Amino acid sequence: MTETNISESKNIAFVSLDKPVEELADELGRSFGEYGFAVIENHGIDQALIDKAEAMSRAFFDLPEDVKRGYFIDGGGGARGYTPYRTERAVGQTVTDLKEFWHVGRTLPAGDPLEEFMPANVWPEELPEFREIFETLYAEFEKAGAKILSAIALHLGLEKNWFDATVEDGNSVMRLLHYPPIENAEGAVRAAPHGDINTITLLLGAEEAGLELLSKQDEWVPVSPPPGALAVNIGDMLARLTNDKLRSTIHRVRNPEGEASKRSRFSMPFFLHFRPDFVIETLPGCVDEEHPNKYEPLSSHEFLQQRLREINLTK
Ligand SMILES: O=C(O)CCC(=O)C(=O)O
Ligand SMILES: [Fe+2]
């Protein structure tokens with residue numbers, strides 16, 4: 001693998017989501033096919049809300065260690081609440097990542113049959129506004145995600161609203177991430193190379209340098225959205241559905257050097273998921289002689305369980 005190649009990052013799509021999706025579909029599709037990533041601005045998520053969410057995330061991670069650990073759910077697979085520093089380990093890695101995080105899931109009405117797949121949220125009682133801010137942001141991420149998926153649908157030759165039913169009441173998770181200043185890394189990195197498990201990921205906060213994708217040419221390419229823009233990438237579930245026509249690209253967060261290593265980095269990915277009972281079955285339009293079908297049908301829930309076992313979050 002060679003080191004970063006800045007010129008190549010110019011080919012990652014940079015689009016404005018306030019345009020009609022028909023105009024975005026092929027540019028996004030090209031970028032997702034080649035890089036698995038795109039940068040999206042004017043995504044409709046209010047900057048004032050993003051600012052509040054970022055402030056709230058900082059306030060949470062500033063709480064004393066024992067208070068944060070009080071929100072760790074033992075045996076909960078990291079699905080909700082707090083996951084301590086150095087818990088998650090990427091597939092195939094021997095060391096854990098230099099990060100701590102908090103997960104917010106879908107708030108379901110009491111008695112909803114999907115409760116079996118989606119544990120209830122927990123909320124930090126020290127921060128009374130936390131719940132409202134993140135429930136609002138969750139809904140806004142879903143709206144932006146739906147629009148991106150409709151562009152993807154058009155690119156794949158599907159009806160514009162094809163994905164709507166597949167993600168309705170999906171098991172999506174918003175992750176508040178904190179990478180503390182670097183101390184005693186000893187071979188560990190902020191986020192070791194990995195592919196995301198879900199359908200698509202919408203990431204806020206990547207303007208603080210460090211996120212890199214692994215290109216088809218095996219080069220690490222920085223993904224550098226401007227402040228407030230989203231870095232969006234394809235996850236394994238959508239790659240599987242499309243027989244890898246859309247790439248779930250390996251990416252990482254590298255450790256900073258110099259002054260930046262003394263600073264925390266914060267980011268907020270929204271892992272948009274299919275419904276747990278959606279069966280991921282290769283789209284016929286993504287199979288031909290050159291691209292024989294690689295995948296068996298599998299429910300999104302079963303796929304998720306397999307992958308969580310691999311990353312040390314569930315047994
Ligand atoms: O923090 C970032 O920029 C990326 C995080 C990431 O890739 C992940 O949590 O899956
Ligand atoms: Fe990721």
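Reader: Why does Val-253 count as buried?

Author: In this predicted model, Val-253 has 24 C-beta neighbours inside 10 Å. A residue is called buried if 20 or more other C-beta atoms lie within 10 Å of its own, so Val-253 counts as buried.

Reader: Where is Val-253 found, and what does Val-253 touch?

Author: Val-253 is found in strand S11. Not counting residues up to four places away in sequence, Val-253 touches Tyr-179, Val-189, Arg-190, Ala-191, Gly-210 and Leu-211. Take Leu-211 from that list: Val-253 and Leu-211 are 42 residues apart in sequence, yet 4.5 Å apart in space, C-alpha to C-alpha.

Reader: Which residues are around ligand 1?

Author: Val-253 and Leu-211 are among them, together with Arg-175, Leu-177, Ala-191, Asp-196, Leu-203, Ala-206, His-251, Ser-267 and Pro-269. Strand S5 (173-179), strand S11 (251-253) and strand S12 (265-272) each supply at least two residues of this shell.

Reader: How do the residues of that shell divide into nonpolar, polar and charged?

Author: Seven are nonpolar, two are polar and two are charged.

Reader: What makes Glu-212 buried?

Author: Glu-212, which lies in strand S8, has 22 other C-beta atoms within 10 Å. The cut-off is 20 or more, so Glu-212 is buried. As for distances, Glu-212 and Glu-186 are 26 residues apart in sequence and 20 Å apart in space, C-alpha to C-alpha.

Reader: How do you know whether Arg-106 is buried or exposed?

Author: We count again. Arg-106 has 21 other C-beta atoms within 10 Å, and 20 or more are needed, so Arg-106 is buried. Arg-106 is found in the loop between strand S4 (100-104) and helix H4 (130-155). Leaving out residues up to four places away in sequence, Arg-106 touches Met-118, Asp-169 and Ser-172. Between Arg-106 and Ala-120 there are 7.9 Å in space, C-alpha to C-alpha, while the two are 14 residues apart in sequence.

Reader: What makes the phi of Asp-218 worth a look?

Author: Most residues other than glycine have a negative phi. Asp-218 has a positive phi of about 65° although it is not a glycine. Asp-218 sits in the loop between strand S8 (211-214) and strand S9 (220-222). With 9 other C-beta atoms within 10 Å, against a limit of 12 or fewer, Asp-218 is exposed.

Reader: Why is Asp-244 called partly exposed?

Author: Asp-244 has 19 other C-beta atoms within 10 Å. Buried needs 20 or more and exposed needs 12 or fewer, so Asp-244 falls in between and is partly exposed. Phi of Asp-244 is near 70°, a positive value in a residue other than glycine. Asp-244 lies in the loop between helix H6 (236-241) and S11.

Reader: How do you know how H1 and H4 are oriented to each other?

Author: Two packed helices are described by the angle between their axes and the distance between the axes. Helix H1 (residues 21-34) and H4 pack at an angle of about 75°, with their axes 8 Å apart. Angles of 65 to 115 degrees count as roughly perpendicular, so H1 and H4 are roughly perpendicular to each other.

Reader: Which residues of H1 and H4 meet?

Author: From H1 come Val-21, Glu-22, Leu-24, Ala-25, Asp-26, Leu-28 and Gly-29, and they meet Lys-147, Ser-150, Ala-151, Ile-152, Leu-154 and His-155 in H4. The residues of this contact divide into seven nonpolar, three polar and three charged.

Reader: How many residues has the largest nonpolar core?

Author: This core has 72 residues, and those with the most contacts inside it are Ala-38, Ile-40, Leu-202, Ala-231 and Val-232. H4 gives the most to this core, with ten residues. Ala-231 touches Phe-37, Val-39, Leu-203, Ala-206, Leu-211, Val-223 and Pro-225, not counting residues up to four places away in sequence.

Conventions
Residues numbered from 1 in each chain as written. Chains lettered and ligands numbered in written order. Predicted model: local features only at pLDDT ≥ 70, side-chain atom pairs only at ≥ 80, totals over all residues. Helix = DSSP H or I, 4+ residues; strand = E, 2+ residues; numbered from the N terminus. Contact = placed C-beta atoms within 7 Å. Near = placed C-beta within 6 Å. Nonpolar A, V, L, I, M, F, W, Y, C, P; charged D, E, K, R; others polar. Axes fitted to C-alpha atoms, helices over the stretch in contact; angles between N-to-C directions. Parallel < 35°, antiparallel > 145°, perpendicular 65-115°, else oblique. Core = buried A, V, L, I, M, F, W, Y, C linked by C-beta atoms within 7 Å.
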